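Keep the 3D view open as you read.

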Amino acid sequence: MTRLTRRTVLGAGLAVAGTGLSAACSGSMSGRDPAAGADGTSPAAGYVTPDGEEVATAEARRDPGPERKVRLTAAETALDLGAGRTVRSWAYGEDLPGKEVRVTAGDTLSLSFANNLPEATSVHWHGLALRNDMDGVPGLTQRPVAAGGSFDYRFAVSHPGTHWIHPHSGVQLDRGLYAPLIVEDPREPLKYDKEWVIVLDDWVDGVDGSTPDTVLAELGHGMAGMDHGSGPDHRESHDTPDTPVTSGASPAPAPSGPSRRLTGATSELLGGDAGDVGYPYYLVNGRTPEDPQTFTAQPGDRVRLRVVNAGGDTAFRLALGGHELTVTHTDGFPVEHARADTVLLGMGERIDALVTVGDGVFPLTALAEGKDRTALAVLRTGGGQAPDAAVRPRELDGRLLHGGRLRAAESVRLEPSGPDRVVEFRLTGSMAKYDWAINGKQYDPAQRYPVRSGERVRLVFVNATKMWHPMHLHGHTYAHADGGARKDTSIVLPGSRVEVDFDADNPGLWMIHCHNVYHAESGMMTVLGYLK
């Protein structure tokens, strides 16, 4: 079995990204230019390149402000997950999550990155509309940062919001390589006494011999003929001695340790199958439920929660026991305030919420949707016994909101306009073959879906699979239909169709992909390219 991965196309991607041939093309309502093939894609010639003058011109228009200098190092380290559990993994620094990067909208972020890992990597700025050559996608927007190498990221930060950073190489995201990225609003309209950053994660690396690479190798066999009705969080034994081989490179690692392949995990909220991987741990801010982080406040304090789902394969349903949440933002953009008992986040999504805290001790529980496991943090404003590690507050079954149900605040709504171009992405593949793709094609950086600067572009996601997919667009935010929220990552349920619009105002080559890291690395990625 041969599978194409990001890692195998790095050289090819840089070669085609640097092609600067011109082409005479014009936009169309179908999203197809005369240069495009029958599927709407077109070869690399004629596209804006990450180092092109169009990218530099767009950056100058952002009016870069004061410089904020940061250093970041990726290295192998021991991570303490709590309750005596220590694992060897890769991380930014020695903490999990990595130390947050915090800047103010209008700043110029200047980050010096050192790669002390045993393999190449990069840093992607999830949620930022930044200059294309700083987006951190090896083989498309930059060369990979080699082991022992370094790279200086420098770009203007235009919009406030809750974001995060992570690699874009292989399945490195499912190690400890992530950190929150908070862009403060210099004219912050919200009033609150405290702010807590909540990072949710599913954890497998370094546990009983497992790594994300061995998990991918196991999943790559597919699941044909396997029992999908085994109950939540059911893990199969290794059933074959063969291992998939990544094309052009060394063979993929053989599965080691217990099987992590998950069958029978279902969720009505997610339209069926909930995920592919049975993780041994689910974490809030790097801690297991048996030894959770404790947040403290005074009764009556108004607290802002900034919540990031940094998981590889898990949607989380989050609730604070005994409290109501007021959702204020999704994916960094303000929404019409909405009250909820619980919120659902797919991988890569963020939600901000306000809560006025009561008197006592309360669980902040993140349910691994469909997997029947939980992560936990604790809020303490007074005396009382800490909640049990397995506590499930009733709010988890109360009024639920997610990004697709929210409405954009009036200040960030797109101006009414019909689309100049429509691009359809049919999500294809199956668990049986583990052949995830877009429009039936696995990732090839030489193939791009064309757009032009100044267009209103409509993206149409049609999910033809039996799995849900959190689809993410780099370098832009889009608007859900009929005044829906501004977002960059959205859940697309099985058999559903999701339409979103964005203004093409950030030239370059931009990834669009499923943010299930195993689906993406198996092929469910493609490129939107700005035509010259």
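## Around threonine 108

Which residues does threonine 108 touch, if you skip its neighbours within four places in sequence? It is in contact (heavy atoms within 4.5 Å) with Pro64, Gly65, Pro66, Glu67, Arg68, Arg154, Phe155 and Ala156. One of these, glycine 65, has its backbone oxygen 3.0 Å from a polar atom of the threonine 108 side chain.

You'll find threonine 108 in strand β5, residues 108–116. Strands here are DSSP runs of E with at least two residues, numbered from the N terminus. Threonine 108 has a relative accessible area of 4%, so it counts as buried. For the cut-offs, buried is under 20% relative accessible area, exposed is over 50%, and partly exposed is in between, using a 1.4 Å probe and protein chains only.

## What kind of model this is

This is a predicted model, so local features need pLDDT of at least 70 and side-chain atom pairs count only at pLDDT 80 or more, while totals for chains, interfaces and linings use all residues. Residues are numbered from 1 along each chain as its sequence is written, and side-chain values use heavy atoms, with hydrogens and water left out.

## A covered strand

Is strand β31 (residues 469–473) mostly covered or mostly open? Mostly covered: five of its five residues are buried. On one side sit His469, Met471 and Leu473, on the other Pro470 and His472, and both faces are covered.

Strand β31 also has partners, where pairing takes at least two DSSP bridges between two strands. Four bridges join β31 to β34 (residues 489–492), and the two run antiparallel; here histidine 472 has threonine 489 as its bridge partner. Another three bridges, again antiparallel, join β31 to β36 (residues 509–514), with leucine 473 standing opposite isoleucine 512.

## A six-strand sheet

Now look for an open sheet of six strands, in the order β28-β27-β30-β35-β32-β33, with mixed pairing. Its edge strands are β28 (437–438) and β33, each of which pairs on one side only.

Within this sheet, β30 (residues 456–463) and β35 (residues 497–503) pair antiparallel over seven bridges. Valine 460 has glutamate 499 in β35 as its bridge partner.

## Salt bridges

Side chains of opposite charge can pair when their charged atoms come close. How many salt bridges does the structure hold? There are 34, each one a side-chain nitrogen of Lys or Arg within 4 Å of a carboxyl oxygen of Asp or Glu.

Take arginine 413 and glutamate 336, whose closest N and O atoms are 2.4 Å apart in their salt bridge. Arginine 413 is in the loop between β26 (400–402) and β27 (421–428) and glutamate 336 is in strand β21 (residues 333–340), so this pair ties together parts 77 residues apart in sequence. Arginine 413 is partly exposed at 33% relative accessibility, and glutamate 336 is partly exposed at 37%.

Next, lysine 487 pairs with glutamate 349 in a salt bridge, with the closest N and O atoms 2.9 Å apart. Lysine 487 belongs to strand β33 (residues 486–487), while glutamate 349 is in the loop between β22 (342–345) and β23 (350–356), so to speak a link across 138 residues. Both residues, lysine 487 and glutamate 349, are buried.

Finally, there's a network of salt bridges to trace, linking Glu100, Arg102, Glu184, Glu188, Glu195, Arg304, Arg306 and Asp352.

Conventions: Polar contact = N/O pair within 3.5 Å; in protein donor to acceptor, adjacent residues only side chain to side chain.
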